[in-house]
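I opened a new model today.

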Amino acid sequence: MDRISWLNFEIDSWQKDGIIDEATARRLRERYPAPAPARKKNLLLTVTTILGITLISLGVISLLAHNWENLSRFTRAVISILPLLAAQVYGLRLILTKDETTSRREGVSVALFFSFALAVSLISQTYHIPGSWQSFLRLMILVTLPLGFILKTVTPPVLALALLPFWLGNFPRDPGVHTLQFWLVWLAGIGYLVYFHKSNRQTGFRSLAAVVSLVFFIGLGMTYPFDLPGLWLIFLSGLATVLILAAEDPFHSRWRRSLIPGEVFGYTILIILFQALCYQTLWKEIFESFQTVRVSADQVDTWTTAELYESLLALGFYFGALFLFYRRFRETPPRSPLLYLFFLVLAGYLLARLGVPHGSFMQILYVGGLNLFALYTGYWFIQDGFHHDSPGRYNLGLFFLAFLVGARFVDSNLDFVTRAFAFLLIGGGILGLNIWFQKRRAEGAPPEKGQSE
Amino acid sequence: MISWLTGQSWRLWAFLGLALIQIYLPIHWIWQHESALESGRLIHLATRPVDPHDILRGKYVRLSFAAESLRPPLPAYPGARAGQQALAVFTPGKPNPAPEPATDKTTPSAEQPDFWKITRLVELHREPALPETDIYFPVKITGVHKGKISRVSFPFDRYYLREDRAKRAEDLYRRLSRQRGKFAADKVRAWVSLRVQAGKPVIEELYFDGLPVPAYLDSNPE
C-alpha cells in the first residue's frame with residue numbers, strides 16, 4: 001500500500017470515528033490526490049508506438065525492396081526520401097501544436113532516425129555511392145543527437161550514444177583525432193543529461209544516465225592509451241576524486257541520487273589504487289619506466305596524438321578534482337583520508353618524473369609514508385564507523401587494514417604456519433569486533449557522537 | 001537560460017534547421033549524381049575481380065579496375081606519397097597496347113569500347129586548375145616507388161543491385177573480369193561506364209559482354 005492509499009484509508013476511518021467531518025475529509029483528499037496511474041500506461045504506449053513504427057518501417061522497406069529494380073532511378077531516389085519527409089512533417093506538427101505526449105515524441109524521433117538512415121542507404125545504393133561504415137555512423141550520430149534536445153526525447157540520444165563505441169571501434173590502432181571527436185559527442189550527451197534533469201523530467205532519465213555512464217567506461221577503455229609512464233595514476237586518482245566530490249558537492253544536491261553510483265565507483269577506485277600503491281613492486285616499475293622513457297624522449301621532439309590526449313585527460317580530471325576539493329575545503333575540510341590520496345599520488349609521480357632513483361632514501365620514505373597513511377585510513381574508517389553507528393563503514397576499515405596487512409603475508413616468503421596465525425589473528429579481530437559491536441547495540445548503548453562526513 | 005531552453009520558439013527553428021540538413025543531404029546527392037549522369041563526359045574502365053560483402057547495405061559487386069595499376073608507373077609530382085589524394089587525368093586508349101594471348105577461350109560478344117587510362121597525376125589542389133576539357137577525378141595514391149607512382153585507388157568501388165541477383169552477378173563479375181597473364185584490352189568482358197563532370201565521377205552502369213548487368217542477367221538465366 002502506498003502512502004496516498006494509506007492516507008485515504010485513514011481519512012475514511014477518521015471520518016467514521018467522527019474525528020473529522022465530511023468537508024475536511026474532502027479537502028484532505030483534494031490536497032493529497034491519488035497519483036494518476038498513467039506512467040505505466042505511458043511507458044507501455046511509448047514502447048508499443050516505437051515498436052509499431054519500427055515494424056511498419058521495416059515492412060515498407062521490404063515491400064519496396066522487392067520491386068526496387070523495376071522502378072526508375074529517379075523514382076527510387078524520390079521514394080528514398082519520402083519516409084523522411086513524412087516523419088519531418090509529423091515532427092513539425094508536434095512542435096507547432098505543442099504536443100507533449102511522450103509516446104508521440106519518442107515515436108517520431110525513432111521514425112526520424114530510421115528514415116534518415118534509410119534515405120542515406122537507399123540513395124547510396126541507387127547511385128552506387130561509395131562510403132564507409134564509420135562515415136555512415138558518424139553522420140547518423142551527428143544528425144540524431146540534436147533530436148533529443150529539440151523533441152525532448154530520450155531515444156535519439158540513447159541511440160546516438162550507443163553507436164559511438166561502434167564508430168570508434170573502426171580506428172583500433174590509431175584512435176588519434178577520433179578520440180577527441182568521441183569525447184566531444186559524449187560531452188554533448190552529458191549536456192543533454194543535465195538539460196534533461198533541469199527540465200524535471202523523469203521518464204527515460206535512468207536509461208539515458210545508464211547509457212552515458214556505460215559509454216564513458218567503454219570509451220575510456222578504448223581510448224586511454226596508457227602510453228606515458230605513471231600518468232594513469234594521476235588520471236585514476238583525479239577521476240575517482242571527481243566522482244566522489246561531485247556527488248557530495250552541495251551545488252549538485254538535486255543530483256545526489258543520480259550521482260551515488262559514481263561516488264561508489266570513485267571510492268572503489270581509490271581503495272584499490274591505495275592498496276596497490278603500498279607496494280614497492282608497482283613503484284619500481286613506474287620509476288624504472290621513467291628512466292627508459294627519458295632516454296627515448298630525448299630522441300622524440302613531438303608528442304603523438306595519443307600522448308597528448310592521455311596528458312590532457314589526466315590533467316583535466318586532476319584539475320577537476322582540485323577545483324571540487326577547494327570548494328569542499330572552503331566549506332568544511334573533508335574528513336575521509338581517501339580524499340587526500342590524490343595529493344600523495346601527485347607527489348609520487350613527481351618523484352619518479354624528477355628522476356629520483358628507485359630504492360633511494362626518498363623513494364623508500366615515500367612508500368613507507370604511504371603505508372603509514374594507509375594504516376591510518378583503515379583506523380579512521382573503523383573509528384568513524386563506531387562514531388556513526390555504521391557497521392558498513394567500520395567493516396570497510398577492518399577489511400582495508402586486513403588486506404593491507406594480509407597481502408604482505410601472501411607477498412612475502414613466509415612459512416605457512418606464520419601465515420596461518422596471521423590470518424587467524426586478522427579474521428578473529430574482524431569477527432570479534434563485529435560481535436562486540438552488535439552486542440553493544442543490542443544492549444542499547446548509545447553510539448558515540450561524531451561529526452558527520 | 002533554462003527558461004529560453006524550455007520555450008518553444010528555439011525548438012521550432014532548431015527542428016527546421018535540422019530537418020533542412022537531413023533533407024538537404026539526400027537531395028544534394030540525388031541532384032549531384034543526376035546532373036553528372038545527365039551531362040557528364042562518358043568514359044569506360046575495364047574491371048578486375050574481387051569479392052567482398054557489406055553488412056550495412058546488403059550485397060553488391062565490389063569493383064576493381066585495371067587502370068588503378070599504372071603500367072608503366074607515372075612520374076610522381078613533388079611531395080607525392082602513399083595515402084595522399086591526387087587528381088588523375090584520363091585519356092582514352094588501351095591500357096596495354098601489346099596484348100598477349102589470353103587463356104580464356106571465350107571471346108567478347110560485343111564491340112569493345114575504348115578503355116581509358118591515367119596519363120598524368122597532379123596535386124589535388126593545384127594552381128592553375130586543370131582545363132575543363134580534361135577528364136579527371138580525385139584518386140588515392142597507394143603505391144610510390146623511386147619517384148614513380150605505380151598504384152592508385154579510385155573513389156568508387158561498389159555496384160549495388162538487388163540482393164537475390166547479387167550473388168550471381170558477383171560470380172559472373174569474377175569470372176568475366178579474370179584474365180591470365182598480362183592485361184589484354186581486347187579480351188575485356190566486364191567494364192564500367194562512368195560519367196565525369198568537373199572532377200566528380202558517377203558510375204553509370206556495369207556491363208557484362210556489352211550488356212548492362214540487369215539485362216545480361218535477364219538474357220542469361222541460370
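My entries on these two topics follow.

I noted first that this is a predicted model, where local features need pLDDT of at least 70, side-chain atom pairs count only at pLDDT 80 or more, and totals for chains, interfaces and linings use all residues. Residues are numbered from 1 along each chain as its sequence is written, chains are lettered from A and ligands numbered from 1 in the order in which they are written, and side-chain values use heavy atoms, without hydrogens and water.

**Aromatic pairs.** I searched the whole structure and got 33 aromatic pairs over all chains. Rings of Phe, Tyr and Trp (its six-membered ring) pair if their centres lie within 6.5 Å; planes under 30 degrees apart count as stacked, over 60 as edge-to-face and the rest as tilted.

I looked up A:W283 and A:F287. Their pair is edge-to-face, at 6.0 Å centre to centre and 75° between the planes. Both sit in helix 12 (residues 280-297) of chain A, four residues apart, about one turn of the helix. Helices are DSSP runs (H or I, at least four residues), numbered from the N terminus. A:W283 is buried at 0% relative accessible area. A:F287 is buried too, at 1%. Buried means under 20% relative accessible area, exposed over 50%, partly exposed in between (1.4 Å probe, protein chains only).

Next came A:F342 and A:F343. Their ring centres are 4.3 Å apart and their planes are at 35°, so I logged the pair as tilted. A:F342 is buried at 0%, whereas A:F343 is partly exposed at 33%.

I also found a cluster: ring pairs link A:F182, A:W183, A:W186, A:F216, A:F235 and A:F317.

**Surface.** I checked A:L85, which lies in helix 4 (residues 73-96) of chain A. A:L85 is partly exposed, with a relative accessible area of 35%.

Definitions and conventions. Helices (H or I, at least four residues) and strands (E, at least two) are DSSP runs, numbered from the N terminus.
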